[in-house]
Amino acid sequence: MAVGVTDMWRGMNTLALTVQQGLGRDPHAREIFCFRKRKGDLVKLLWHDGVGMSLYTKRLEAGKFIWPTSGTSEAVQISAAQLGYLLEGID
C-alpha cells in the first residue's frame, strides 16, 4: 500500500510508474498496489496477473477507508485478509 494520498486522476500507466519510481517496486511482480484519494472515500488497486495489468477502483458511499500510517513515506505491506477488511471499510 502506498502510505499517504495519491492523485486519483492518474491512470494505469502513471500509477505503474509511481510504483516503479516512487516505491522502488516492480509493478509487474503480481503484487496488488493500493492508492487512496485525499478524502479517503476512493481507492485504486493496480495489479499485474502475469498476462496484463488491471486497475480497479472502489468508492465508498459513506465513510472512509481506514488507511495504515507509517513514520516514513514508504509502502506498507498488508495481508490478503487485511486488504479484504480495507475494501469493506472495516477498521
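Which strand does S54 lie in? S54 belongs to strand β3, one of the elements shown in the views below. Everything here comes from a predicted model, in which local features need pLDDT of at least 70, side-chain atom pairs count only at pLDDT 80 or more, and totals for chains, interfaces and linings use all residues. Residues are numbered from 1 along each chain as its sequence is written, and side-chain values use heavy atoms, with hydrogens and water left out.

**View A. The open sheet has the strand order β1-β2-β3.** The three strands pair in antiparallel fashion (strands are DSSP runs of E, at least two residues, and helices are runs of H or I, at least four, numbered from the N terminus; two strands pair if DSSP finds at least two bridges between them). β1 (32-36) and β3 (53-59) are the edge strands, each with a single partner, so one side of each has no neighbour in the sheet. From one strand to the next, the twist averages 20 degrees. Strand β2 (residues 42-48) is joined to β3 by seven bridges, and L45 has Y56 as its bridge partner in β3.

**View B. S54 sits in strand β3.** With a relative accessibility of 17%, S54 counts as buried (buried means under 20% relative accessible area, exposed over 50%, partly exposed in between, using a 1.4 Å probe and protein chains only). Leaving aside residues up to four places away in sequence, S54 touches M12, L45, L46 and W47 (contact means heavy atoms within 4.5 Å).

**View C. Helix α2 (residues 80-88) lies across β1, β2 and β3.** The helix runs at about 145 degrees to β2 (axes are lines fitted to C-alpha atoms, for helices over the stretch in contact, and angles run from 0 to 180 degrees between N-to-C directions). Look for E88 in this helix: E88 is exposed, at 56% relative accessible area.

**View D. R30 is found in the loop between α1 (12-22) and β1.** Although R30 is not a glycine, its phi is positive, at about 65 degrees. R30 counts as exposed, at 57% relative accessibility.
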